[in-house]
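Here is a colleague's note for someone opening this model for the first time. Please keep the structure in view while going through the points.

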Amino acid sequence: MRFVDEFRDAQLGRALAGEILAAVDPGRHYKLMEVCGGHTHAIYKYGLDDVLPANVELVHGPGCPVCVIPMGRVDDGIAVAEQPGVIFTCFGDMLRVPGSDRTLLDAKAAGADVRMVYSPLDALRIAKANPEREVVFFAIGFETTAPSTALTLKRARAEGVRNFSCVCNHVTIIPPLRALLESPDLRLDGFIGPGHVATVVGARPFEFIPADYGRPLVVAGFEPLDILQAVQMILRQIGEGRCEVENQYTRVVPYDGNQRALEAMAEVFALRPHFEWRGLGFISQSALRLSDDYAEFDAEGRFDTPGVRIADPKACQCGEVLKGVIKPWECKVFGTACTPEHAIGTCMVSPEGACAAYYSYGRLTRQREAV
Amino acid sequence: MSSGPSTREERVLGIIETARAKRPRFKDERITMAHGAGGRATQTLIEGLLVPAFASPEPAPLDDAARLPLGEARDRAMALAYAATREPAAARALVPSLVFTTDSFVVTPLQFPGGSIGELAVNGTVNDLAVAGAHPLALSLAMILEEGLSADVLRAEVEAVAQAAEAAGVRVLTGDTKVVERGKCDGMYLCTTGIGQLDPRARLSTQALRPGDRVIVSGSIGDHGTAIMLARGELGLEADVVSDTRPLWPAVDALLDAAGPCLHCMRDATRGGVASVLNELARAAGVAVAVREADVPVRPEVAGAAELLGIDPLYVANEGTLVAFVAPERAEDALAALRTAAPAFAAAADVGEVRAEPEAMVMLETAFGGRRVLDQLVGDPLPRIC
């Protein structure tokens with residue numbers, strides 16, 4: 001594939017890994033967090049952990065939009081999906097996320113009309129094709145997916161589609177990062193910034209991280225060479241005593257973001273005063289609801305939902321895993337009460353979560369260390 | 001002892017290992033699509049519900065096709081053959097071993113680029129026989145038809161069954177037809193059962209896998225699943241991808257000829273793709289499999305579609321692609337024979353090897369130079385959003 005394979009060149013990767021190895025201080029351990037779930041996925045897909053020096057550790061951050069959805073919200077979604085006449089639509093990997101006692105896939109098996117879509121526009125198309133049914137889109141994601149929800153709702157209004165509504169679970173990236181950085185036990189040396197989010201919001205909003213918290217951040221693309229180069233740029237900053245926001249993903253990310261996307265979001269959404277994140281608790285002003293102007297499309301107003309808050313299990317230590325304070329196996333419920341088949345916390349829900357990855361691959365990692 | 005923390009880590013890993021080694025228990029309240037996807041949920045259904053219910057006194061490996069237990073009749077025939085030939089191999093060649101298998105087909109759309117449900121129903125079953133080392137002798141065909149199905153569609157599929165059977169050198173000898181009310185099935189479902197005769201050259205068994213065995217795939221992977229996904233038209237993508245549905249006997253015949261008893265095991269990489277088949281075998285044989293991603297043949301169109309959909313071609317279904325395990329000394333010959341057996345197998349490739357450890361795991365050396373576990377699918381392969 002042109003314009004993709006160039007960023008997956010194994011030879012260039014080896015050369016870059018060699019440069020990184022030569023540049024790190026062997027006596028020091030570096031902990032870098034990749035904020036975005038897309039990066040985590042690429043790191044696993046290409047085996048990048050294996051390519052980096054042993055003393056450069058990548059910590060998986062809170063940027064997997066699926067696994068930060070709290071159980072209560074999933075329960076609300078299931079309640080809407082089970083109302084008679086409803087066609088419930090959402091992205092594929094949301095289907096498997098457990099609510100308090102089951103997933104959307106379970107609800108589908110029990111008779112609810114739950115359909116996977118690739119885009120909110122597909123959901124709108126289903127609404128137009130089924131005017132006698134209520135079609136609900138379960139919107140999730142950071143600033144990456146929020147603009148497409150916004151544009152879909154603008155189109156729904158323009159076309160007068162009345163049987164379409166949206167459960168808005170969109171979240172924003174800055175507040176959880178700030179919450180992580182505020183934590184006194186934080187042990188991170190730098191951040192790989194979320195390239196997709198930055199495509200929309202730009203790199204500028206991340207400037208508070210070096211300015212207020214003294215940690216470098218490099219906005220990165222999603223191909224393996226992008227990620228290795230971002231690691232190299234962070235390590236170079238640390239080595240040279242610099243601390244700033246840099247943009248590795250210049251081929252896509254404008255420093256000031258995408259104004260049209262931001263305008264659409266500002267029109268359709270409003271900030272929620274607070275929102276609960278699985279594993280991280282309540283974070284103020286960290287999520288979006290539909291603006292008053294678009295309230296007619298708000299499924300939370302159109303349908304009765306339980307709206308019950310389901311607390312994360314007390315024993316769950318996802319927050320500490322996310323902050324890099326403990327390793328997955330140090331969590332009290334890891335591997336016993338919390339497994340990929342019956343996940344308790346966010347880190348076990350997604351296959352790329354730190355705990356799920358360790359559950360599956362821990363043995364391999366140890367072998368590698370022993371060699 | 002200063003090894004406190006690492007001992008604790010060992011203990012946690014031990015707990016995980018014990019949990020993974022346990023026979024899975026089928027505890028789900030309802031059947032979900034994941035139970036049919038060929039990954040972990042399917043395995044739980046088979047090992048947790050079906051195996052205990054149908055357990056035989058002798059433990060049998062969970063192969064895609066089974067030997068027909070012919071009992072005393074076969075023993076008597078063997079005794080006569082041995083008396084006539086005085087050679088065990090010659091006697092075995094005279095007395096056929098029968099193998100049987102069954103498969104059902106629920107594909108939508110019924111017709112797709114490169115094939116249709118009728119062709120699939122024949123090839124799927126004869127291929128399960130073929131990878132068990134058996135040439136097909138007879139097929140049965142059961143049809144479940146939906147009220148309102150167009151007779152022309154039915155006619156076309158019956159014709160497709162007949163043509164595919166002829167191509168595979170087998171005849172449909174018996175069958176059954178049921179019609180269900182409109183809405184109770186998706187046009188038509190087909191079920192075929194096949195009986196085959198074990199080739200005397202075949203010495204195939206999951207237990208025959210040995211560290212050092214080479215892993216060979218018979219062609220480009222992921223074509224069928226990708227063609228189906230595109231043919232459903234939900235994605236608004238267009239690409240020139242056709243299903244690989246075809247009979248595999250010519251490939252098996254070439255491999256048996258070239259490698260004989262050094263051909264240790266084969267699998268038809270259908271549902272769940274090559275990765276699922278490798279996981280199944282690694283578990284069954286208690287070995288590790290290492291795959292070199294860069295050597296796995298994938299068409300650019302399939303790689304592109306998989307990239308857009310967030311799916312790994314290693315998990316995408318094939319309907320005419322097998323995975324063979326061959327002892328290293330005959331692997332090159334086997335590969336050469338396979339590549340020249342038919343144009344369809346020209347892209348066959350050596351993609352990895354069997355290792356002793358880590359037991360029951362499949363590892364991928366990524367094209368980028370890293371390593372990762374190529375795990376069982378946990379559910380249906382659902383596209384990622386980010």
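1. Start with Ile78(A). Leaving aside residues up to four places away in sequence, Ile78(A) touches Gly99(A), Arg102(A), Leu104(A) and Ala107(A). Touching, or contact, means that the C-beta atoms of two residues, placed from the backbone, lie within 7 Å. Ile78(A) sits in helix H4 (residues 71-81) of chain A. Helices (H or I, at least four residues) and strands (E, at least two) are DSSP runs, numbered from the N terminus. Ile78(A) and Gly99(A) are 21 residues apart in sequence, yet 8.4 Å apart in space, C-alpha to C-alpha.

2. Is Ile78(A) buried or exposed? Ile78(A) has 25 C-beta neighbours inside 10 Å, so Ile78(A) counts as buried. The rule is this: 20 or more other C-beta atoms within 10 Å make a residue buried, 12 or fewer make it exposed, and anything in between is partly exposed, with C-beta atoms placed from the backbone.

3. A word on the source. This is a predicted model, in which local features need pLDDT of at least 70 and side-chain atom pairs count only at pLDDT 80 or more, while totals for chains, interfaces and linings use all residues. Residues are numbered from 1 along each chain as its sequence is written, and chains are lettered from A and ligands numbered from 1 in the order in which they are written.

4. Helix H2 (residues 37-46) of chain A is mostly covered, with nine of its 10 residues buried. Among them are His39(A), His41(A), Tyr44(A) and Tyr46(A). Just after H2(A), Gly47(A) takes a positive phi of about 65°.

5. Next, a helix pair in chain A. Helix H7 (residues 146-158) and helix H12 (residues 259-268) of chain A have axes that come within 9 Å and cross at roughly 60°. Axes are lines fitted to C-alpha atoms, for helices over the stretch in contact, and angles run from 0 to 180 degrees between N-to-C directions. H7(A) passes H12(A) in a left-handed crossing. Left-handed means that the near helix is turned anticlockwise from the far one by less than a right angle; clockwise is right-handed.

6. Which residues of H7(A) and H12(A) meet? Ala146(A), Pro147(A), Ala150(A), Leu151(A), Leu153(A) and Lys154(A) of H7(A) meet Ala261(A), Ala264(A), Met265(A), Glu267(A) and Val268(A) of H12(A). By class, this contact has nine nonpolar, no polar and two charged residues. Ala, Val, Leu, Ile, Met, Phe, Trp, Tyr, Cys and Pro count as nonpolar, Asp, Glu, Lys and Arg as charged, and the others, Gly among them, as polar.

7. Leu186(A) lies in the loop between helix H8 (174-182) and strand E7 (190-194) of chain A. Leu186(A) is partly exposed, with 15 other C-beta atoms within 10 Å. Not counting residues up to four places away in sequence, Leu186(A) touches Leu180(A), Leu181(A) and Lys323(A). Leu186(A) and Leu322(A) are 136 residues apart along the chain, but their C-alpha atoms are separated by 9.5 Å.

8. Now the two chains together. In chain B, 32 residues are in contact with 46 residues of chain A. H1(B) gives the largest share of the chain B side, six residues. That side has 19 nonpolar, six polar and seven charged residues.

9. Chain B has a helix pair to check too. Helix H7 (residues 223-231) and helix H10 (residues 300-309) of chain B pack at about 60°, with axes 10 Å apart. H7(B) passes H10(B) in a left-handed crossing. Asp223(B), Thr226(B), Met229(B) and Leu230(B) in H7(B) meet Val302(B), Ala305(B), Ala306(B) and Leu309(B) in H10(B).

10. In H5(B), 15 of the 15 residues are buried. Gly133(B), which follows H5(B), has a positive phi near 85°.

11. Finally, backbone details in chain B. The peptide bond from Thr108(B) to Pro109(B) is cis, with omega near -5°. Another cis peptide bond joins Glu357(B) and Pro358(B), with omega about -5°. Arg86(B) is not a glycine, yet has a positive phi of about 65°. Arg86(B) counts as exposed, with 9 C-beta neighbours inside 10 Å. Ala360(B) has a positive phi near 65° and counts as partly exposed, with 18 C-beta neighbours inside 10 Å.
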